[in-house]
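Hello,

Here is the structure for your files. My notes on it follow below.

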Amino acid sequence: MAKTKPGKKDLDSYSIKGTNKVVRVGDCVLMRPSDSDKPPYVAKVDRIEADHRNNVKVRVQWYYRPEESVGGRRQFHGAKELFLSDHYDFQSAHTIEGKCIVHSFKNYTKLENVGPEDYFCRFDYKAATGGFTPDRVAVYCKCEMPYNPDDLMVQCEGCKDWFHPICMGMTIEEAKKLDPFLCSDCSSEDDAKRPLNSFHVEPKLVVRSFYSRRKRVMGSVGSGGLHV
């Protein structure tokens with residue numbers, strides 16, 4: 001942590017005005033945008049300091065939304081996805097509207113319910129170059145895209161790969177009725193067709209199983225998006 005400038009002091013916490021919420025270093029916060037039509041900015045608090053007049057400022061590390069990155073929003077980006085950038089800035093503490101939680105990608109997929117304060121991050125982002133870390137991610141399905149936790153995927157009982165129903169020429173409702181589900185490649189190799197019994201697949205259960213089984217095909221993520 002950098003040394004405090006003369007006339008300024010570091011604070012352990014800051015209470016958001018009009019609330020009972022306390023912000024500490026390391027917390028993720030929602031910050032008021034200059035344009036009221038835009039969603040709040042998301043940042044991680046790196047430092048809290050006050051000057052001799054007790055004006056409080058926070059040094060924050062900004063999260064970027066996919067549409068704010070060089071490559072823009074892509075199909076595989078989740079609605080609550082953020083990138084942790086290398087962009088730091090000082091802001092008045094009065095612009096903090098509330099607190100939020102930025103989960104790891106793995107922990108986010110385990111949530112029973114996603115609240116308005118829940119986000120996730122799986123990439124670090126270099127604002128100046130548009131580069132991502134990690135620069136390679138697992139891809140799935142015939143479309144060979146990274147996993148979007150907002151989308152339902154089903155697992156083939158044959159090859160154990162994961163697929164979007166639409167990529168297999170099915171609706172989500174049709175995919176949920178298949179027991180077992182076999183992709184087109186595996187079904188063509190299955191000589192003995194088993195009867196199809198109706199059953200209900202909860203998307204959240206699919207997501208939990210999904211994360212523990214990664215397809216080995218990888219795609220690189222660059223400033224222009226995904227490159228397979």
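Glu49 is buried, at 5% relative accessibility (buried means under 20% relative accessible area, exposed over 50%, and partly exposed in between, with a 1.4 Å probe and protein chains only). The model is a predicted one, in which local features need pLDDT of at least 70 and side-chain atom pairs count only at pLDDT 80 or more, while totals for chains, interfaces and linings use all residues. Residues are numbered from 1 along each chain as its sequence is written, and side-chain values use heavy atoms, with hydrogens and water left out.

Glu49 forms a salt bridge with Lys8, with 3.4 Å between the closest N and O atoms (a salt bridge is a side-chain nitrogen of Lys or Arg within 4 Å of a carboxyl oxygen of Asp or Glu). Lys8 sits in the segment before β1 (9–10) and Glu49 in strand β5 (residues 41–50), so this pair ties together parts that are 41 residues apart in sequence. Helices (H or I, at least four residues) and strands (E, at least two) are DSSP runs, numbered from the N terminus. Lys8 is partly exposed, with a relative accessible area of 33%.

Glu49 also meets Arg47 in a salt bridge (3.4 Å, N to O), and both of these residues are buried. Lys8, Asp10, Arg47 and Glu49 are linked in a network of salt bridges.

Elsewhere, Glu157 forms a salt bridge with Lys160, the closest N and O atoms being 3.5 Å apart. Glu157 is partly exposed at 40% relative accessible area, and Lys160 is partly exposed at 36%. The whole structure holds nine salt bridges.

What surrounds His103? This residue lies in strand β8 (residues 96–104) and is buried, with a relative accessible area of 14%. Leaving out residues up to four places away in sequence, His103 touches Tyr108, Leu111, Asp118, Tyr119, Phe120 and Cys121 (contact means heavy atoms within 4.5 Å). The side chains of His103 and Asp118 are joined by a polar contact of 2.7 Å (a pair of N or O atoms within 3.5 Å; within protein, one must be able to donate a hydrogen and the other to accept it, and residues adjacent in sequence count only if both atoms are side-chain atoms).

For the chain overall, there are four helices and 15 strands. Of its 228 residues, 41% are buried. Among contacts with a separation of 6 or more, 57% come from residues 24 or more positions apart.

Regards
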